[in-house]
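Colleague: Please take a close look at one part of this model for me. I would like the loop and the charged residues around it, in one connected account.

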Amino acid sequence: RLKSPRVGLEGLRLHDLLPLANTPDTAVRASVGRAILRITDANRVTLILEAITTSTEIGQRFLRKLLSVFPTDEVKPPLARFFSTQDKRRRRMAVEILRELPLETFEPMLAEALNDPDSEIRLSALSKLKDSERPDTRKAISDLEEDPEERVRVAVVQSLAAKPRIEDIEL
């Protein structure tokens, strides 16, 4: 595999680097990622989350993937703030990011999304949680069998049928 050429981004601030995540040039994005990982700004995850809200699809995908290599304890607090906002768009974005992070680490936060008032958020969370083995998550999924949104109820039935467990069966 060929190594992508490095683009000289040393000395740029995070604020200057984030818009470059939108470039279609993979070599530039790779250099941007390396440069962002070297920056020690305490607010870098929050700034990345903010940038995702205004980025192109390419930039959003890149920045979501980039967050997956950050330390968990750096990502959780700002992501939790985005997830707990009244802004539906930010909550949706937070769930999309959570879907790309390790389930075993972020499952409790993602399971909270099963209670979101927005059915799209519940569906998105459910699609990642469907293979969960945690009893509390399985219970939260089965509780959605009475969801007001038909698409959610169908997804729940499919999820439970795909991995039936005796605990999921109401006797």
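Modeller: What follows is a walk through that loop and its charged partners. Keep in mind that this is a predicted model.

Start with D118. D118 sits in the loop between helix 7 and helix 8. Its relative accessibility is 7%, so D118 counts as buried. The D118 side chain reaches the backbone nitrogen of E120 at 2.7 Å. Setting aside neighbours within four places in sequence, D118 is in contact with K88, R91 and R92.

R91 also has a salt bridge, with D116. The closest N and O atoms of that pair are 2.7 Å apart. D116 is in the loop between helix 7 and helix 8, while R91 belongs to helix 6 (residues 88-100). The two are 25 residues apart, so the pair links distant parts of the chain. D116 is buried, with a relative accessible area of 7%. R91 is buried as well, at 9% relative accessibility.

Now E120. The E120 side chain meets that of R151 in a salt bridge, at 2.4 Å from N to O. E120 lies in helix 8 and R151 in helix 10, so this pair ties together parts 31 residues apart in sequence. E120 counts as partly exposed at 33% relative accessibility. R151 is partly exposed too, at 41%.

Conventions. Residues numbered from 1 in each chain as written. Predicted model: local features only at pLDDT ≥ 70, side-chain atom pairs only at ≥ 80, totals over all residues. Heavy atoms only, no water. Helix = DSSP H or I, 4+ residues; strand = E, 2+ residues; numbered from the N terminus. Buried < 20%, exposed > 50% of the residue type's maximum accessible area, 1.4 Å probe, protein only. Polar contact = N/O pair within 3.5 Å; in protein donor to acceptor, adjacent residues only side chain to side chain. Contact = heavy atoms within 4.5 Å. Salt bridge = Lys/Arg side-chain N within 4 Å of Asp/Glu carboxyl O.
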